[in-house]
Amino acid sequence: MEESIVSEQSSGEHDDPSVLVAARRAKLERLRTELGIEPFGQRVDGIVPLAQARAAFDEAAHAGYQDAVKAAKADPSVRLEDRRAAVTVAGRVVQHRDMGKLVFLWLRDQSGDLQISVSKASVPEAAFTVASMADYGDLLSVTGRVGRTNRGETCVWADGVTMQCKSLEPPPGKWHGLSDDETRYRRRYVDMYANPATVRTFQLRSRIVSAIRRFMEGRGYQEVETPMMQAMAGGAAARPFATHHNALDMQLFMRIAPELYLKRLLVGGLPKVFEINRNFRNEGVDRSHNPEFTAMEAYEAFGDYMTMLETVESLVHAVACDVAGVPEGSKVALPFGDLVIDYAKPFRRVRYEELFREALGFDMEDEARVRSTAKQLHHGGSATKDHWLLVSELFEEKAEALLDPSKPTFVLDYPSAISPLTRPNRNRPMIAERWDLFVAGMEIGPAYTELNDPDIQLAKFTEQIKGADEEESTFRTLDEDFITALRVGMPPAGGMGMGIDRLVMLLSNSQSIRDVILFPLMRSE
RNA sequence: GAUCGCGUAGCUCAGCCGGUAGAGCAAGUGACUUUUAAUCACUAGGUCCUGGGUUCGACUCCCAGCGCGAUCACCA
């Protein structure tokens, strides 16, 4: 008789073979048919976060109530006075200990965990049944008084318990939790209730993005939103995702960067703009790359790359201080893996050519030695490839390794030859006015002194398109309207880009970009 | 896209010179009014990622595929 509920369910009406699911479905039916309880609830007003309920614990009220109970026991005519805080709370069941006539369970919400104690003697019978039958994963609301158990645990002593949503999926383990990364990313909603650290990371992410907005707005930047579906995907050297608009029968690309639109806004007269939003790049996936990622780009009229350097340095410092909870301008260091990263101002600055010389022992302009060293290091094409391409390869292999990963470092003044769209320095055209910020071996973002001569820009674009291979030329097209905009006239400007996901990785000590993106892209199962 | 590693119960993991599997937790039934990974007794739970091959016999060996992770390439 007893076992029939489970076995019939598992073999029959629900074709899910899992006994765990069958047990939950059986409880659902019992709630409905035996107790007349609808296990998918209704609006509840006045719910306080569990942390707030915990904070409402009052030692004097607790002691007073205990004395009153004692007194009432000795003399039943004494009225029981209870000055403990009355609260309504709600959350997901994450622990359940049934002692027979006394049930302890733990609820979890975004603010934390709190124990609920349910005594058979002090709640209606149906409420006690709900508490006894509760499974890991169920959503309950509870009314009661904030007190303490004999073992010293702060809890809500329930006077009412309501099933608000019966969970019908088997939960992860209560002790080991959920540690399988694939399941964590695919079923983030489970990860979030099983691993409070996940929720904390995303709370931190929100806080960081919000601090960035505050900082930029504080400096007079205006936030804008520009197209994410573009007829031409410009502004970066990356492969775009292609899509199609049916009614217009039009090929569209998901944007790879907002740059060309933000610059149009400078033409239109906005002096300081920024955008925080998604870019989409049809490239590989790894620990620091997700096909859609959040970037900030910012442009400042009549600034240059050094204007942006000061902005980014102050921004990263300010946000790090916010995360660390220290005032701006303080010493601030945050852990990242085995490193402790020092976000105190000023960040290090090193010129590209100096770092190159330090790492390789000769000038980057020394073509003969560049070629012979490339050959020594077994780089392909050491005799045929462009000199500056080899410089760039040597730099990435030897020079970037010299950067102290625990010190945020600006690498300034890249060779113009490998920064074709950047404005060359007026006095030294070989050098492009560009920097890259490196932290913990990751590139956080570049900045440039922007080109505003339409003829030079057109020439550079044209050259870039000419150099495109067959596949690249399917999406690399000349944005003539952008050139027109430059002809109307764009003020000289500084521009920067910053990978928000990577910054969040650093500040939240997350080793994978997937840990800071709520729903990272996964292959279809 | 390449190379390497991993895929066993709901979760976390053992296991096997080749003889069709085990633990803890979770689950079901029962006991228990102060538990903290509650405890005790009993019970149930598996396409050992998928498909081929070798073999008398494959979770184990081989091949292919799928998924995940790491490294590399592309990129930010």
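This is a predicted model: local features need pLDDT of at least 70, side-chain atom pairs count only at pLDDT 80 or more; totals for chains, interfaces and linings use all residues.
A pocket here is an open set of grid points, placed over the protein atoms alone, with protein on both sides within 12 Å along at least five of seven lines.

**The surface near RNA strand B**

Let's begin with the residues around the strand. There are 50 of them, and Arg97, Arg151, Lys174, His289 and Arg514 come nearest to RNA strand B. Of the atoms of RNA strand B that come within 4 Å of the protein, sugar and phosphate account for 58%. Sorted by class, this surface has 18 charged, 17 nonpolar and 15 polar residues. Several elements each supply at least two residues to it: the helices α2 (19-33) and α6 (181-186), and the strands β1 (86-98), β2 (102-109) and β3 (112-119).

| Protein atom | Partner | Distance |
|---|---|---|
| Gly177, polar backbone atom | sugar or linking oxygen of RNA strand B | 2.5 Å |
| Arg186, polar side-chain atom | sugar or linking oxygen of RNA strand B | 2.9 Å |
| Arg84, side chain | Asp82, side chain | 2.9 Å |
| Glu275, side chain | Arg255, side chain | 3.0 Å |

**The second largest pocket and Arg84**

Now to the pocket. The second largest pocket holds about 410 Å³ of space. It is lined by 19 residues, and those closest to its centre are Tyr65, Gln66, Val69, Arg84 and Trp157. Two or more lining residues come from each of α4 (59-74), β4 (139-148) and β5 (154-165). Helix α4 gives the largest share, 6 residues. By class, the lining divides into 7 charged, 7 polar and 5 nonpolar residues.

Is Arg84 buried or exposed? Arg84 counts as buried, because its relative accessibility is 8% and the cut-off for buried is under 20%. Leaving aside neighbours within four places in sequence, Arg84 is in contact with Ala61, His62, Tyr65, Arg145, Val146, Gly147 and Trp157. Of these contacts, Gly147 is 63 residues away from Arg84 along the chain, yet their C-alpha atoms are separated by 6.8 Å. The side chain of Arg84 also makes a polar contact with that of Asp82.

With a relative accessibility of 0%, Glu275 counts as buried. Its side chain joins that of Arg255 in a polar contact. Not counting residues up to four places away in sequence, Glu275 touches Val224, Glu225, Thr226, Arg255, Pro258, Leu262, Ala295, Met296 and Glu297.

Leu262 leads us to helix α9 (residues 259-268), where the buried residues are Glu259, Leu260, Leu262, Lys263, Arg264 and Leu266. An α-helix has 3.6 residues a turn, so residues three or four places apart point the same way. What do the buried residues of α9 pack against? Their partners are the strands β10, β11 (292-301) and β18 (493-499), together with the helices α14 (454-466) and α15 (480-489). Just after α9 comes Gly269, which takes a positive phi of about 115 degrees.

Key:
Residues are numbered from 1 along each chain as its sequence is written. Chains are lettered from A and ligands numbered from 1 in the order in which they are written. Side-chain values use heavy atoms; hydrogens and water are left out. A residue is near a molecule or strand if one of its heavy atoms lies within 4 Å of it. A polar contact is a pair of N or O atoms within 3.5 Å; within protein, one must be able to donate a hydrogen and the other to accept it, and residues adjacent in sequence count only if both atoms are side-chain atoms. Helices (H or I, at least four residues) and strands (E, at least two) are DSSP runs, numbered from the N terminus. Ala, Val, Leu, Ile, Met, Phe, Trp, Tyr, Cys and Pro count as nonpolar, Asp, Glu, Lys and Arg as charged, and the others, Gly among them, as polar. Buried means under 20% relative accessible area, exposed over 50%, partly exposed in between (1.4 Å probe, protein chains only). Contact means heavy atoms within 4.5 Å. On a 1 Å grid over the protein atoms alone, a cavity is a set of points where a 1.4 Å probe fits but cannot get out, and a pocket is an open set with protein on both sides within 12 Å along at least five of seven lines; lining residues have an atom within 4 Å of a point. Grid points are joined across faces, edges and corners, and a volume is the space filled by probe spheres set on the points.
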